[in-house]
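Please find below a colleague's note on the model, arranged as numbered points.

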Amino acid sequence: MDSKLAFLVKLPVLPGSSLAGAPRSARSLGLCLTTRSGDVAYAAEKPVLLAGRNGGVQLRVPLGLGAWSFGDRFYWGSSSEEDNTDAVRESLRNGVTLIDTAEVYGTPPGRSEQLVGRIGRQVTEEVLANAGPDSPLPEINVATKYAPFPWRTAGLSLNLLGWLSRPQRRETVRRSVLGALRASMRRLGLENIDLYQQHWPAFVGENDEPIWDALAEAYHEGLIRCVGVSNFSPSRLLKCDTYLRQVHEVPLASNQVQWSLLHRDPETVRCLDATDDRTLCEICADRGIQILAYSPLAQGLLTGRYRKGRLPSGVRKRLAASLVERVDVLLSEMERIAAKRQVSLAAVALNYVITAGEMRAAGEKPTIAIPIPGAKNAWQAQQNAQALGWRLDLDEMTKLRRAADQVDAKLPSIPLARESNRRGL
Ligand SMILES: NC(=O)c1ccc[n+]([C@@H]2O[C@H](COP(=O)([O-])OP(=O)(O)OC[C@H]3O[C@@H](n4cnc5c(N)ncnc54)[C@H](OP(=O)(O)O)[C@@H]3O)[C@@H](O)[C@H]2O)c1
């Protein structure tokens, strides 16, 4: 199947919709033509591959859009559906087609997936309506996630009289993963998912293998195009990649982890295996696994928007208040580079991750990092897209790292250094 048709053919075409009867050929997204500042930048990027079925998913640029804040009133404070739609439109205009969501995002959980589906359909229809002949079709690549809550994976029998047997547990986890996947597909209004990820390791319970078996089943049934994981340590990632390949002949496409100038664990935390001390970056480069970098703007702290006396509202306020002043020295260095390069501070923060992902010893394969910043509106999406089409040079990278080393400020996250659960996975 032509990958450009992906989002279109997955969309249920509603009677009366402008998509009904639209020829699936020679329609234009008009990306390059309608892009304002970003067209040259986006054209300069090489496509990035997420390994998977039928050649996997090819992204136009090494940048995605995080949709955790879509429909979330608890942590992020609500942003309007209209603003979120503008963020998706602006992202697409800049070649950003990957949207990351999860079954647990939104208030109530699942709301983010509903919005991503609805907005994706609306934007696709608009693009088709304004399309000219002989141009590429629009494509939105949706990534979502399965949440391995302990009560889903631990293998405790429902009547609490004891533990399930191994085959019973496998079947329970299988039903849980496939049921959650189908529920996500319903909310998104999609017939298959481009990238389906295990949101975090199964810390409670025997191990992750039953989840990986179920992901492989979904892959072979054509329900998902690529399999990904999230918050996996280097050694757990190696085990997962080896298991999926050897047992199921499924490539592992990605590991989604926190990565920003304030949180450089993917570059520094090493595998604790006696025979392997590579970092996550090195393992991913060697195995062709993409790193989806979450919180690449340190939840807004690296955009320069928040300073002393100017803090985000709601739940984030306390955390930001404890960190904001410590980041000043880094922001000053970022501002110098942003001014010289004529880009936003957010673009410098995102470009750091992209460039760090590609910086390898001479002659080695590049690591590819795909930051997935959470833009809430068109302006933020446009500022973030300024990260495309250029790379920080070695001197700038060194100065940024030196400044970052002076900052003791981290967001909470599942530590990559945590290697194993009690059964040794
Ligand atoms: N796998 C996981 O466990 C996991 C964990 C966390 C996140 N994620 C994923 O990663 C995505 C991004 O991470 P994140 O949302 O935690 O943090 P982030 O991308 O570092 O920060 C996003 C927030 O920064 C602000 N912002 C974004 N662009 C901006 C710009 N250009 N200028 C000024 N402010 C800007 C917005 O918030 P305000 O306007 O309110 O300041 C936005 O919601 C999420 O949406 C989610 O898809 C995954």
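1. The ligand has 30 residues around it, and G66, W68, Y294, L297 and G374 come nearest; a residue is near a molecule if its C-beta atom, placed from the backbone, lies within 6 Å of it. By class, this shell holds 12 nonpolar, 15 polar and 3 charged residues. Here Ala, Val, Leu, Ile, Met, Phe, Trp, Tyr, Cys and Pro are nonpolar, Asp, Glu, Lys and Arg are charged, and the others, Gly among them, are polar. Helix α15 (residues 378–385) supplies the largest share of the shell, 3 residues.

2. The model is predicted: local features need pLDDT of at least 70 and side-chain atom pairs count only at pLDDT 80 or more, while totals for chains, interfaces and linings use all residues. Residues are numbered from 1 along each chain as its sequence is written. Helices (H or I, at least four residues) and strands (E, at least two) are DSSP runs, numbered from the N terminus.

3. An open sheet of 8 strands runs in the order β3-β4-β5-β6-β7-β8-β9-β10, with parallel pairing; two strands pair if DSSP finds at least two bridges between them. Its edge strands, β3 (64–66) and β10 (369–371), each pair on one side only. On average, neighbouring strands are turned by 25° against each other, direction ignored.

4. Within the sheet, β5 (residues 141–146) and β6 (residues 193–198) run parallel and are joined by 4 bridges. Y146 stands opposite Q198 in β6. Helix α7 packs on the sheet and touches β5 and β6, its direction making about 140° with that of β5. Axes are lines fitted to C-alpha atoms, for helices over the stretch in contact, and angles run from 0 to 180 degrees between N-to-C directions.

5. Helix α7 (residues 166–188) also packs against α8 (residues 209–220), at an angle of about 45° and with the axes 8 Å apart. The two helices are therefore oblique to each other; angles under 35 degrees count as roughly parallel, over 145 as roughly antiparallel, 65 to 115 as roughly perpendicular and the rest as oblique. The contact involves R169, R170, V173, R174, V177, L178 and L181 of α7 and P210, I211, D213, A214, L215 and A218 of α8, contact meaning C-beta atoms, placed from the backbone, within 7 Å. By class, this contact has 9 nonpolar, no polar and 4 charged residues.

6. The axes of α5 (residues 111–129) and α7 come within 7 Å and cross at roughly 45°, which makes α5 oblique to α7. E113, Q114, V116 and G117 of α5 meet S184, R187 and L188 of α7. These residues divide into 2 nonpolar, 3 polar and 2 charged.

Key
Two residues are in contact if their C-beta atoms, placed from the backbone, lie within 7 Å.
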